[in-house]
Amino acid sequence: MDITTDELSWYWFKGNEVSGRLLQDVCLFRSCVLFDSGFRSNFGNLGKNFGDIQYSDFESYHIVACYNQEILGTIRISPSSVETVTLNILGLTDYQVLIKQLGTSLDQIVETNRLTIDERVRKLNLGRTLIYASIALIENIWDRSQMTIIGSAGNNTKQTDFITKHTDYKKIPDFPGRYSSIFNDQITFLKYDNPPYTKGAAKIEFFKNLFKKQEAVPWPRLTTNYQITPLNEIERAPELTV
């Protein structure tokens with residue numbers, strides 16, 4: 001797909017404030033990306049995470065990058081009032097240990113998660129751009145000086161290395177990673193540096209201004225029906241194998 005980031009349309013919304021169809025489209029897109037030709041089989045048609053719809057989606061904020069009303073990337077911002085990805089992986093006891101180590105409290109935690117990018121546009125650096133956009137939206141919604149931003153990343157595709165290289169996310173020191181069977185990956189836990197930011201500061205300001213002006217912008221009518229090819233069909237059709 002030969003496009004530039006300047007051609008993308010950007011939207012943000014809270015899950016419980018839009019139509020169920022829009023939220024379903026976003027979640028199905030995530031499920032397709034996370035399935036990754038069977039690498040994370042739980043997100044396939046027969047998996048328990050198919051569709052990737054969770055209760056936390058309704059209370060979370062979502063940022064979506066679109067081209068011609070087709071989703072190309074998305075990221076979710078979850079407040080501490082819902083089960084974050086970090087809590088889900090660690091369990092409550094170790095999650096409380098992490099919060100204490102960070103020197104904060106549960107109500108001052110906000111997490112970015114479910115960063116998913118269409119593989120056709122990964123060369124657009126859309127991953128880091130969505131992270132910058134998420135930091136901007138957090139600053140627009142919460143008092144940034146009171147909040148600790150956390151996240152997590154896998155390592156099979158060097159996602160952790162990419163995120164820490166191109167954003168102000170840092171590995172949480174002296175806190176070991178965990179294997180996640182859902183993501184089929186070793187997960188590293190991250191914390192976003194407090195401002196002033198050293199990476200992507202101009203982009204963050206751009207999105208802060210853009211999102212403040214979007215209150216009257218209608219939500220997109222997405223056109224793509226996201227479908228996942230079952231593993232047995234991939235095996236019967238070698239031309240579909242990536």
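**Close-up 1. R40 and its partner D36 in a predicted model.** R40 is buried, with a relative accessible area of 14%. Keep in mind that everything here comes from a predicted model. The salt-bridge partner of R40 is D36, and their closest N and O atoms are 4.0 Å apart. D36 itself counts as partly exposed, because its relative accessibility is 32%. So what is going on in a pair like this? Side chains of opposite charge can pair when their charged atoms come close.

**Close-up 2. D52 meets R30.** Here the side chains of D52 and R30 come together in a salt bridge, at 2.7 Å from N to O. The two residues sit in distant parts of the chain, 22 residues apart: R30 belongs to helix α1 (20–35), while D52 is in the loop between α1 and α2. Are these two buried or exposed? Both D52 and R30 are buried.

Close-up 3. Look for another salt bridge here, with the side chains of D57 and R76 at 2.9 Å, N to O. D57 lies in helix α2 and R76 in strand β3 (residues 70–79), so this pair ties together parts that are 19 residues apart in sequence. Both D57 and R76 are buried.

Close-up 4. Time to visit the surface, where I53, Y55 and F58 form a nonpolar patch. Together, these three have about 340 Å² of accessible area. F58 has its place in helix α2 (residues 55–59). With a relative accessible area of 35%, F58 is partly exposed.

**Close-up 5. Inside the largest nonpolar core.** This core has 34 residues, and the ones touching the most other members are W10, I63, L126, Y192 and F211. Where do the members come from? At least two residues each are supplied by β1 (9–14), β2 (61–67), β3, β4 (109–117), α5, β5, β8 and α7 (201–212). Helix α5 gives the largest share, nine residues. Now zoom in on F211: leaving out residues up to four places away in sequence, F211 touches W10, W12, I63, A133, L137 and N140. Apart from this core lies another one, of 18 residues, including L90, L98, L102 and F175.

**Close-up 6. T148 and its neighbours.** You'll find T148 in strand β5, which covers residues 148–153. T148 counts as buried because its relative accessibility is 11%, under the 20% cut-off. Which residues does T148 touch, not counting those up to four places away in sequence? The contacts are L102, T104, Q108, I109, V110 and K191.

**Close-up 7. What covers helix α6.** Helix α6 runs over residues 159–166, and its buried residues are T160, I163, T164 and H166. What covers these buried residues? Among the covering elements are α5 (126–141), β5, β6 (169–171) and β8 (185–192).

Definitions and conventions: Residues are numbered from 1 along each chain as its sequence is written. This is a predicted model: local features need pLDDT of at least 70, side-chain atom pairs count only at pLDDT 80 or more; totals for chains, interfaces and linings use all residues. Side-chain values use heavy atoms; hydrogens and water are left out. Helices (H or I, at least four residues) and strands (E, at least two) are DSSP runs, numbered from the N terminus. Buried means under 20% relative accessible area, exposed over 50%, partly exposed in between (1.4 Å probe, protein chains only). Contact means heavy atoms within 4.5 Å. Patches are made of residues with over 30% relative accessible area and no salt bridge: like charges are joined within 9 Å, nonpolar side chains (Val, Leu, Ile, Met, Phe, Trp, Tyr) within 5 Å. Accessible areas come from the Shrake-Rupley method with a 1.4 Å probe; for residues, only the protein chains shown count as cover. A nonpolar core is a set of buried Ala, Val, Leu, Ile, Met, Phe, Trp, Tyr and Cys residues joined through side-chain atoms within 4.5 Å.
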